[in-house]
Structure formats: C-alpha cells, structure tokens
Amino acid sequence: MEDQICLVVCEILKNEIEAVVQAGNFESVKIVSYPSQCALARPNSGVIRNAMRRCGTLRNRTILIGGGCMLGLDLNAEDREDINLLHTDQCLELLIGRETLESYTAQGAYLLTPGWLRQWRHHLQVWGFDRNVARSFFSEIISRLVLLDTGTDAGSAKHLQEFGEFVNLPFEKIPVGLDYLELQIAKFYLEWALKRERRSSRESLEEALKQSSDYAMAFDLIGSLTGMMSEKQVIEKIFKLFTSLFAPQVIVYLPKLNNRYRKALSQPANLEISAELHRRLISQKKDYIWTEADDGFSLKLCHDENTLGILKVDGIAFPQYKGRYLNISLAIKKICALAIANARTYQKLEKAVTDLQRALIKRETAERALKISERKLDSIITTIPDIVYRLNPYGTIDFISDGVKKYGYSPASLVGTDIVALVHPDDRQ
C-alpha cells in the first residue's frame, strides 16, 4: 500500500509499538523490527539499515525509533532529509521520560522492559556471564531490579522473577502503561497525516496543522511532568499545560485521596467552589462530561482503576474547537494521572523514611538514657552497705550486691541460687 508510514523499531519494543498503533487507531502503519543490539558492545548499524530497506518505497515516510543502538548509525544528507528520528539516549526514556529514569537510576535501580526480559538469558550469554559473574557484576552497581510493565507481555512477571533469582537481587514491577510512548508516536503520525491531508482540502489541512501543533506543545510541556516529586508541583504543571493549550478562564482540580475528596485547587487561586459544583464533580461517573455552558469539560483522572481526582476546564478561549481540545485532553490525561500517582507514591516513601529516621533517633535517645540510668543505679548499689538483690519469677537470684561479702559470700557464688536455700530452716514457712 503506497499511502503508509513505516515505523522501524528494535524487537525489544516491537510489542509496545504494535499496542500503541492499535490503541491509537493509527491507520496505514507498517511496523518493521530489527534484532536487539542491547547485548553488543558496539551496535551493528547494518542491521538497522537492512530493516530500513524493508520499508521499501516508504523511504520519505520512515520513522526510526530507538535509543543507544542508533549512536553508530551514520545518516548521510539524503537520509537526514527523508527519515524521521524518534531517538533518546536510552530507549527506556521512550516509556517514562528522562527525569523519571534518572531518578530511579540514582537510587541504584536497574530498569528493564518486558522485551529485554524475554531474552535475558541470551543477553547474559552474549556478555559471557554465568550465574556467579552476573551476580558479582550486578551487585557492584545495582540495588534492585525494576520492571517497567507496559502490559504487553503476560509472562513478564515470571521472567522478572527468574532473572532476579539468577542475579540474586530484589525486584519489583511498576505499571507504566504506554501513554507516554503513544504521545510521542502521535506527534510523528499526525505530522505525516498532515502531509496526507494536504492532498485533500485546505480546511482539513489547517485543522490538522493546529492539532499537530497542540500535540507538539503538549509533548514539550509534559516531558518533565512525571519526574516531579510532589502532587502540588504536578498540579501546577498541569494547570500550566492546560492554560497553554486551551486558554481557559477557570481550572479546578478536586483531589481524591483514601476514598475521600479533599480541598479543591484552582486557577485563579483560592476560587470559591460552590456546593453545587462540588456535588457535580464528585458525582461524575464518565471519563469526561461537557460543562453546562458547553465551553469546557471535566475529566476524571484515573490510575490503576483508582480515581485520583477530577479536573474541570471551563471557559476555553475558542469553544468552536472544543472537540479537538477534548481529544488532546483525553490523550494526555492518563499521563497526568500517572504523574499524580507517582508523586503520591514518592511522598509516601519520603514520609516512611522520615518516620523511620525519627524512630531511630528516639530509640537511640532512649538507649542513651537507659545506659545513664543503669550507670547511676550501679553506682548506688556498689556504694551502699546493705544487701541488694533481684530474683527471677522462680525465686532464683539473678543479681546480688557486694554487701554479701561481709557475711562471707561472694556475689558470683550466689547468682543462680534459690533464695529459700539461704534462709535458716527454722525461719522457713
């Protein structure tokens, strides 16, 4: 088929790309994959070029998608003009963004994709790692394994467990979905769609151009969203994003935490939320609804089937484009929800660490006080002439002071003695 776009991608990410194309209803897309280069010290650019040739006559509609495996790919002037690159330093950035990736790696995490895990034995074999070498190598720099679960491989959890046990490292699975990757693919796809629409009418072309511009703006603004560590920062960024896209008069965010709706945040700040508006927001069941004035909408932000809050955008500057604005909002709302969920998780972890540090300080303080008290008690016992002793529940001496020496006993000889044995038989009852 002549009117197609060709996506050239490493087989590690092929399932994710196929899922994105299907979920996004991207029509006329051909996907060509090439063997993984992850295990090679120097990627073989010839492998990628062979995949590009399989795109056939779609040369000027080819998108190369990947990370470090493209570093050795030498594109001439003609290539650079005809071929689009969706390239990051690491292919993992295509799924979660650079800031989030750097945050995990700074904590000693080794991030994995379902595609890499499917071939983990092959990768270690190419590296020449047996079990002992692998454990030694990973333990030097890695504290835990983290699977970026895109939901494209039902066997990924099993593969993660096998790999974790092989290298003897703790592991965890983090659901990341495909929204971030879909947004990036959508940008290139829509740009190609615009060129195709150019052959139709001027009106449809202008509409597509505007839509592509909006998606590009959304992508630029949302890049750092998932890397933020507090919910307040995330909401401020979301407000800025929706303001840049739609220029609304009012934005309201009603957070839901622990099954309870909390105090609303708004732009303009400190906007009074009426009881009726609050009731409508918390009763929303659908993913989105239009406002009564038909110049805005409210979105239900969900992550892992949990409602995180309701975002209401009201009084958009150009309501005639509300359909397009809604489509953009639906495309990015999952990423907004993911950013909120990540921020809440980070805040919980931060609180747990703080509570643990406080508990340790409290314990150390108590231990120091106990030692001081014990030293004072020992000083008193050793200086008074009276006999001081302590019995266990069975009547056996656990401790006795030096006062017994004046009766011819040593304290050590009496420890473990039944107290009754020291009482004169005539005095026993």
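Predicted model: local features only at pLDDT ≥ 70, side-chain atom pairs only at ≥ 80, totals over all residues.
Q: Which residues have the most contacts inside the largest nonpolar core?

A: In soluble globular proteins, nonpolar side chains tend to be buried together. A nonpolar core is a set of buried Ala, Val, Leu, Ile, Met, Phe, Trp, Tyr and Cys residues joined through side-chain atoms within 4.5 Å; buried means under 20% relative accessible area, exposed over 50%, and partly exposed in between (1.4 Å probe, protein chains only). Here the largest core has 32 residues, and I17, F26, I65, L111, L181 and I185 have the most contacts inside it.

Q: Which element gives the largest share of this core?

A: Elements are DSSP runs numbered from the N terminus: helices are H or I, at least four residues, and strands are E, at least two. Among the elements giving two or more residues to the core are β1 (5-10), α1 (14-23), β3 (62-66) and α10 (179-197). The largest share, 7 residues, comes from α10. Another core, of 30 residues, lies apart from it and includes L299, L301, I335 and A339.

Q: Which residues does L111 touch?

A: Contact means heavy atoms within 4.5 Å. Not counting residues up to four places away in sequence, L111 touches L92, I96, L101, Y104, V146 and L148.

Q: Which cysteines form a disulfide, and what parts does the pair tie together?

A: A disulfide is a pair of cysteine sulfur atoms within 2.5 Å. The structure holds 1, formed by C6 and C55 with sulfur atoms 2.1 Å apart. C6 lies in strand β1 and C55 in the loop between α2 (45-53) and β3, so the pair joins parts 49 residues apart in sequence. The link is left-handed, with -65° about the S-S bond, and both C6 and C55 are buried.

Q: Are C91 and C336 buried or partly exposed?

A: C91 is partly exposed, at 21% relative accessible area, whereas C336 is buried, at 2%.

Q: Where do the buried residues of α1 fall around its axis?

A: The arc is that of the directions from the helix axis to the C-beta atoms. In α1, E16, I17, V20 and V21 are buried. Seen down the axis of α1, these buried residues fall within an arc of 135°, so they line one face of the helix. The face turned away from the buried side carries the exposed residues Q22 and A23.

How values were computed:
Residues numbered from 1 in each chain as written. Heavy atoms only, no water.
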